[in-house]
Amino acid sequence: MRKKAGRKEAARVARPGRRKWVLLCGLLAAAVLVLGGRCLCSEKLEVTFHHLYSPKTVGGENIRVIVLSDLHNREFGPGNGELVERIAALRPDLIAIAGDMVNADDGNLDVILTLCSKLLELAPVYYSPGNHESSLMYEKGSPIEGQLLDLGICGHYHGGQFRLPVVGGLYHGDTGLFPKYSGGMYRLPNSTIFVSRGMRGHNGLPRINNRPELAVIDINGRQETNYS
């Protein structure tokens, strides 16, 4: 009887310790999930670096191209001051804008016009229309074409909205699951294309594992590749 009573007493003493341990593990797991979720859904601007080999460059010449797309009237800091500062620090030779910097249902061009005026102080800016600019120009008679446009690169797919490790983009409304060109550099039979992941979400959906992208392409004669 005494042995049984002793074991019951020991169990009674140990139980609160186990409860504390389980509670601590639960709190740690919750903290990891919260922090992991914040990282996966982060809206903090990400700078990505890419390389394009070109035999046309001379000697050790390097041409740095900054690529922007799919801003959809978003501002990183008042007047996009944070975005402009980040671009200035990268010292571009050329700034290429791949479209959808505005919204087709919003005729206000102040955000993009202000941004472009600031970018022109840093480097030449080449702007191609996306489907939102095209809607404003051809359906609503917006003057945006006469104020902004020149050269084409690729955007529109928002990085596939959700990005899976190794696999890449998960979905886009135009192509369905696993869009072939969702973000990065791609070698085609006779050329190379770069697809920006863009800087804002699509149809109100969050970006997961897919931070807003400010892309840098260095073009030079080094035999390096980083194609998808």
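How many salt bridges does a search of the whole structure find? The count is 3, and this tour stops at each of them. Keep in mind as you click around that this is a predicted model.

**Before you zoom in**

Show the protein chain as a cartoon: you have 5 helices and 11 strands to look at. Of its 228 residues, 39% are buried. The chain exposes about 13300 Å², with carbon and sulfur atoms supplying 58% of that. Now look at contacts between residues at least 6 apart in sequence: 73% of them join residues at least 24 apart.

**Stop one: R197 and its partners**

Select R197 and E46 and show their side chains. They form a salt bridge, and the closest N and O atoms are 2.8 Å apart. R197 sits in the loop between strand 10 and strand 11, while E46 belongs to strand 1 (residues 46-53), so this pair ties together parts 151 residues apart in sequence. Colour by accessibility and you'll see that R197 is buried, at a relative accessible area of 10%, whereas E46 is partly exposed at 25%.

E213 is in strand 11 and R197 in the loop between strand 10 and strand 11, so here the tied parts are 16 residues apart in sequence. With a relative accessibility of 2%, E213 counts as buried. Shared partners in these salt bridges join E46, R197 and E213 into one network.

**Stop two: D218 and R64**

Slide along strand 11 (residues 213-220) to D218. Its side chain meets that of R64 in a salt bridge of 2.8 Å, N to O. The two come from distant parts of the chain, D218 from strand 11 and R64 from strand 2, 154 residues apart. Is D218 buried or exposed? At 11% relative accessibility it counts as buried, and R64 is buried as well.

**Stop three: strand 2 and the strands it pairs with**

Now pick out strand 2 (residues 63-68), where 5 of the 6 residues are buried. It pairs with strand 11 in the antiparallel sense over 5 bridges; to find your place, select V65 and its bridge partner I217. Strand 2 also pairs with strand 3 (residues 94-97), this time in the parallel sense over 4 bridges. There, L68 stands opposite I97.

Beyond four places in sequence, N73 touches several residues, among them M101, N103, D106 and R200.

**Stop four: a hairpin and a surface patch**

Select strand 9 (residues 184-187) and strand 10 (residues 192-195), an antiparallel pair with 4 bridges. They form a hairpin with 4 residues between them, and R187 has T192 as its bridge partner.

Finish on the surface. Select L164, V166, V167, Y171, L177 and F178: together they form a nonpolar patch with about 650 Å² of accessible area. Click on V166, in the loop between strand 5 (163-164) and strand 6 (168-169); at 89% relative accessibility, V166 counts as exposed.

Conventions: Residues numbered from 1 in each chain as written. Predicted model: local features only at pLDDT ≥ 70, side-chain atom pairs only at ≥ 80, totals over all residues. Heavy atoms only, no water. Buried < 20%, exposed > 50% of the residue type's maximum accessible area, 1.4 Å probe, protein only. Patch = residues over 30% accessible without salt bridge, like charges linked within 9 Å, V, L, I, M, F, W, Y side chains within 5 Å. Areas by Shrake-Rupley, 256 points an atom, 1.4 Å probe, with all protein chains shown as cover. Salt bridge = Lys/Arg side-chain N within 4 Å of Asp/Glu carboxyl O. Pairing = 2+ DSSP bridges. Contact = heavy atoms within 4.5 Å.
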